[in-house]
Amino acid sequence: MDITPLVKSAIDARGRAYAPYSRFQVGAALETEDGRVFAGCNVENAAYPEGTCAEAGAIAAMVMAGGRQIRRIVVCGGGDTACTPCGGCRQKIREFAVPQTPVTMVSANGSVLLVRTLAELLPDSFGPENLA
């Protein structure tokens, strides 16, 4: 199987996840319009709701580096069931992506499990243009 650099970044990020409570490691990697790649992993907290998702970490890294537009994103979970972004992360992705942005979910070994557009994951979404 040929693993793309973006998928490899998501797999590598998953390996760095801090998930001592759930043991459910997730990695995410996104590519910006100019080709830069940013990754993030989930970080759990003993106060359970205070953890952060992998997608949020990747987006924060992108923003810190001056990025503002997601071209595509990959989410890597464990097992053979697609780890889709949670509702909050779907909205976070929406802030920096267009409805046609591809979201790819892969297994821990990089096998593609599911591909959806952001619009399929978050139909009729609310975005920055709704505030204009």
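Analyst: A salt bridge is counted here when a side-chain nitrogen of Lys or Arg lies within 4 Å of a carboxyl oxygen of Asp or Glu. Side chains of opposite charge can pair when their charged atoms come close. The model is a predicted one, and a search of the whole structure finds five salt bridges.

Consider E31 to begin with. E31 forms a salt bridge with R71, and the closest N and O atoms of this pair are 3.3 Å apart. Because E31 belongs to strand β1 and R71 to strand β3, the pair ties together parts that are 40 residues apart in sequence. E31 also forms a salt bridge with R72, where the closest N and O atoms are 2.8 Å apart. This pair, too, links distant parts of the chain, with E31 in strand β1 and R72 in strand β3, 41 residues apart.

The surroundings of these partners can be judged by their relative accessible area. A residue counts as buried under 20%, as exposed over 50%, and as partly exposed in between. E31 has a value of 11%, so E31 is buried. R71 stands at 33% and therefore counts as partly exposed, and R72, with 32%, is likewise partly exposed.

Another of the salt bridges joins R36 and D34, with the closest N and O atoms 3.1 Å apart. R36 is partly exposed, having a relative accessible area of 31%, whereas D34 counts as exposed at 54%. Salt bridges that share partners join E31, R71 and R72 into one network.

E55 is part of helix α2, residues 54–64, and its relative accessibility is 4%, so E55 counts as buried. When neighbours within four places in sequence are left aside, E55 is in contact with A28, I73, V75, P85, C89 and I93.

T104 has its place in strand β4, residues 102–106, and is buried because its relative accessible area is 15%. Beyond its neighbours within four places in sequence, T104 is in contact with I73, V74, V75, V112, L114 and V115.

C53 is found in the loop between β2 and α2 and counts as partly exposed, since its relative accessibility is 30%. Not counting residues up to four places away in sequence, C53 touches C41, N42, C86 and C89.

Y48 has a relative accessibility of 61%, so Y48 counts as exposed. Together with Y18, Y21 and V43, Y48 makes a nonpolar surface patch of about 440 Å².

Backbone angles give another point for study. Most residues other than glycine have a negative phi. R23 has a positive phi near 65° and is not a glycine; R23 is found in the loop between α1 and β1 and is exposed, with a relative accessible area of 63%. D124, again not a glycine, has a positive phi of about 55°. D124 is found in the segment after α4, residues 118–121, and counts as exposed at 84% relative accessibility.

Finally, one distance gives a sense of scale. G15 is found in helix α1 and counts as exposed at 55% relative accessibility. The C-alpha atom of G15 is separated by 29 Å from that of A119, which stands 104 residues away along the chain.

Note on methods. Residues numbered from 1 in each chain as written. Predicted model: local features only at pLDDT ≥ 70, side-chain atom pairs only at ≥ 80, totals over all residues. Heavy atoms only, no water. Helix = DSSP H or I, 4+ residues; strand = E, 2+ residues; numbered from the N terminus. Buried < 20%, exposed > 50% of the residue type's maximum accessible area, 1.4 Å probe, protein only. Contact = heavy atoms within 4.5 Å. Patch = residues over 30% accessible without salt bridge, like charges linked within 9 Å, V, L, I, M, F, W, Y side chains within 5 Å. Areas by Shrake-Rupley, 256 points an atom, 1.4 Å probe, with all protein chains shown as cover.
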